[in-house]
Amino acid sequence: MENVIRPLAVVGGAVALTVLLGWATDLLLRKADERHGETPLWDLLRRCRIPYQLVLLAALLRGSYAQVPWLRGHLIGIGQALTLVLIGSTAWLVIGIAGAVVETSYSRYARMHRDAARVRRVRTQVTLIMRVVSATVGVVAVGAMLLTFPEMRAAGASLLASAGILGIVAGVAAQSTLANLFAGLQIAFGDMVRIGDTVVVDGEWGTVEEITLTFLTVRTWDERRITMPVSYFTSRPFENWSRGTPQMTGTVFWYLDHSAPVEAMREKLRDILRHCPAWDGRAYGLVVTDTTPNTIEVRALVTAKDADDIWTVRVTVREQLIAWLSAEHPYALPRVNTSDAVKAPYQIPSPDRATLRKAYDFPRTGRV
């Protein structure tokens, strides 16, 4: 009877104590979240209850499993398994708590500052810092798991003895990876590009959607994703429309007939912009920038508060002004002339047949 009751008491007691402590901790975090609703820390910590309960259960079983009589022949294997579970769940819990603290700090900073560019910069830095912390904790946890095996501890001395050579070989083999790693840290703390910035890379316009330690993802206007190494942004020029102030100036071009009413187009442009909510009212203009034998090039200059609004203003001006020209001044649109060419005021008379025969029969050495 003792062989049955004792295992049930050990395992059941560990599970019951784990559930009780988990419930009590969750209750305290819930009350703290209700009392301090201005911060998401307590709600984020409640999401760590699974790794927290795993740590409790593994620790309790690791300290009491030796009391089970029929497990004494497998104490080493069970202890090793429980140790691995304890290390893994502890790493999971540490990453969860770090993520909760980092996310709370970012939320508080975002509420206190209204500068969107600064908030995006902090968001990029926080994201990369969290990835570094997660990678570090994961590596330490894996190393701790490996060191629990006696064979790995015995091999540690020989590995440390050849660490210099292995470091050189690994550095040469992972040169591009290390370059991207340091480029990611440079982007995070150098404020070169941030999550949410509007950029133009390789002729593609889009928004930075994700930044990791090795790659960066740009979401284009047509919902495509361009993934490129972060070292691209530290070694090549690119356009960042979100640097400084987000205000932008855009241009719209038309190719019209020489008789186009330029002054009337200026007045119409002013009327269109007054009814366009995306125009920020800073500036506008319309001038003739070039001319060809068949057309003139007319350029309109408009402004907006950011890249999205400048696109809206440009397409609105282009569509409405073309529609107005087609309805009110159709002669201003470019056309191909099909009328007969105007004759020159004086033409050289063509020689008659007798003159041509005489010139042909004249000796080659003479003059006509």
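Predicted model: local features only at pLDDT ≥ 70, side-chain atom pairs only at ≥ 80, totals over all residues.
Residues are numbered from 1 along each chain as its sequence is written, and side-chain values use heavy atoms, with hydrogens and water left out.

Helices (H or I, at least four residues) and strands (E, at least two) are taken as DSSP runs numbered from the N terminus, and two strands are treated as paired if DSSP finds at least two bridges between them. Strand β1 (residues 198–201) is covered on both faces. In a regular strand the side chains alternate between the two faces of the sheet. Thr198 and Val200 lie on one side of β1 and Val199 and Val201 on the other, and all are buried (under 20% relative accessible area, with exposed meaning over 50% and partly exposed in between, for a 1.4 Å probe and protein chains only). β1 runs antiparallel to strand β2 (residues 204–211), to which 4 bridges join it. Antiparallel pairing also links β1 to strand β5 (residues 239–240), over 2 bridges. Val200 takes part on both sides, standing opposite Trp205 in β2 and having Glu239 as its bridge partner in β5.

The hairpin of β1 and β2 has 2 residues between the strands. In the loop between β1 and β2 lies Asp202, which has a positive phi of about 55° although it is not a glycine. Asp202 counts as exposed because its relative accessibility is 61%. Glu223, likewise not a glycine, has a positive phi of about 70° and is found in the loop between β3 (215–220) and β4 (225–229). Most residues other than glycine have a negative phi.

Strand β8 (residues 296–304) is largely enclosed by the rest of the structure, because 7 of its 9 residues are buried. It is joined to β6 by 9 bridges in an antiparallel arrangement, with Arg299 of β8 as the bridge partner of Phe253. Strand β7 (residues 279–291) pairs with β8 over 8 bridges, also antiparallel, and Asp290 has Glu297 in β8 as its bridge partner. A hairpin through 4 residues connects β7 to β8.

Pockets were located on a 1 Å grid over the protein atoms alone, as open sets of points where a 1.4 Å probe fits, with protein on both sides within 12 Å along at least five of seven lines; lining residues have an atom within 4 Å of a point. The largest pocket has a volume of about 270 Å³, a volume being the space filled by probe spheres set on points joined across faces, edges and corners. Its lining includes Trp205, Trp221, Trp241, Met248 and Arg314. Two or more lining residues come from each of β6 (248–256) and α11 (307–328), and α11 gives the largest share, 5 residues. By class, the lining has 7 nonpolar (Ala, Val, Leu, Ile, Met, Phe, Trp, Tyr, Cys and Pro), 2 charged (Asp, Glu, Lys and Arg) and 2 polar residues (the others, Gly among them).

The structure holds 1 aromatic pair, where rings of Phe, Tyr and Trp (its six-membered ring) pair if their centres lie within 6.5 Å, and planes under 30 degrees apart count as stacked, over 60 as edge-to-face and the rest as tilted. The rings of Trp279 and Tyr284 have centres 6.0 Å apart and planes at 80°, so the pair is edge-to-face. Trp279 is buried at 19% relative accessibility, whereas Tyr284 is partly exposed at 36%. The count of disulfides (cysteine sulfur atoms within 2.5 Å) is 0. Cys48 is buried at 9% relative accessibility, and Cys276 is buried at 8%.
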